[in-house]
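Please keep the structure open while reading.

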Amino acid sequence: ELFATLDDLELRLDHQRYLCGDRLTEADWRLFTTLLRFDPVYHGHFKCNIRRISYYPNLWNYTRELYQWPGVAETCNLDHIKRHYYASHETVNPTRIVPKGLDIEFSAPHDRERLPAAG
């Protein structure tokens, strides 16, 4: 179900800039927090490893666009996020080993400006 939903979101974001059309809403920010954590945490820690978010062109560009909004990157501490998940779920990770993980570049260019956004 998780990956069916990601597939649906990928299709939706192919023809609209944000989840609800051309305007950024709270729904986008709620999804963003999941997408931000997905590759560094959910993919390995929770074994959600069929595909990474970075394998979905629209979701990946969407994630980077939101990350690059003024003031957002400063609130995203991936080291803290990883330490929290890997160290706090003893039944999932009894060794509490926090993997170094991939070098994820959220600041790379995205293509979302190809879709209209409300002024």
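This is a predicted model: local features need pLDDT of at least 70, side-chain atom pairs count only at pLDDT 80 or more; totals for chains, interfaces and linings use all residues.

Two packed helices are described by the angle between their axes and the distance between the axes. Helices α1 and α3 cross at roughly 75°, whereas α2 and α4 pack at about 25°.

**α1 with α3**

- Helix α1 spans residues 2-15, and helix α3 spans residues 57-67.
- Their axes come within 7 Å and cross at roughly 75°.
- An angle of 65 to 115 degrees counts as roughly perpendicular, so α1 is roughly perpendicular to α3.
- On the α1 side, the contact uses Leu 6, Leu 9, Glu 10, Leu 13 and Asp 14.
- On the α3 side, Pro 57, Asn 58, Leu 59 and Tyr 62 meet them.
- By type, the residues of this contact are 6 nonpolar, 1 polar and 2 charged.

**α2 with α4**

- Helix α2 covers residues 26-45, and helix α4 covers residues 78-88.
- The two axes lie 10 Å apart, at an angle of about 25°.
- Angles under 35 degrees count as roughly parallel, so α2 is roughly parallel to α4.
- The crossing of α2 and α4 is right-handed.
- From α2, the residues in contact are Leu 36, Arg 37, Pro 40, Val 41, Tyr 42, Gly 44 and His 45.
- From α4, they are Leu 78, Ile 81, Lys 82, Tyr 85 and Tyr 86.
- This contact divides into 8 nonpolar, 2 polar and 2 charged residues.

**The nonpolar core**

- In soluble globular proteins, nonpolar side chains tend to be buried together.
- The largest nonpolar core here has 27 residues.
- Leu 6, Leu 59 and Tyr 62 touch the most other members of this core.
- Helices α1, α2, α3 and α4 are the elements that give two or more residues to the core.
- The most come from α2, which gives 7 residues.

**α3 and Tyr 62**

- Of the 11 residues of α3, 10 are buried, so this helix is largely enclosed by the rest of the structure.
- The buried residues of α3 include Trp 60, Asn 61, Thr 63, Arg 64 and Glu 65.
- Leu 59 and Tyr 62 are also among the buried residues of α3.
- The buried residues of α3 pack against α1 and α2.
- Which residues does Tyr 62 contact, leaving aside its neighbours within four places in sequence? They are Leu 13, Arg 17, Tyr 18, Leu 19, Asp 28, Leu 31, Leu 35 and Arg 112.

Note on methods:
Residues are numbered from 1 along each chain as its sequence is written. Side-chain values use heavy atoms; hydrogens and water are left out. Axes are lines fitted to C-alpha atoms, for helices over the stretch in contact, and angles run from 0 to 180 degrees between N-to-C directions. Helices (H or I, at least four residues) and strands (E, at least two) are DSSP runs, numbered from the N terminus. Angles under 35 degrees count as roughly parallel, over 145 as roughly antiparallel, 65 to 115 as roughly perpendicular and the rest as oblique. Contact means heavy atoms within 4.5 Å. Ala, Val, Leu, Ile, Met, Phe, Trp, Tyr, Cys and Pro count as nonpolar, Asp, Glu, Lys and Arg as charged, and the others, Gly among them, as polar. A crossing is left-handed if the near helix is turned anticlockwise from the far one by less than a right angle, and right-handed if clockwise. A nonpolar core is a set of buried Ala, Val, Leu, Ile, Met, Phe, Trp, Tyr and Cys residues joined through side-chain atoms within 4.5 Å. Buried means under 20% relative accessible area, exposed over 50%, partly exposed in between (1.4 Å probe, protein chains only).
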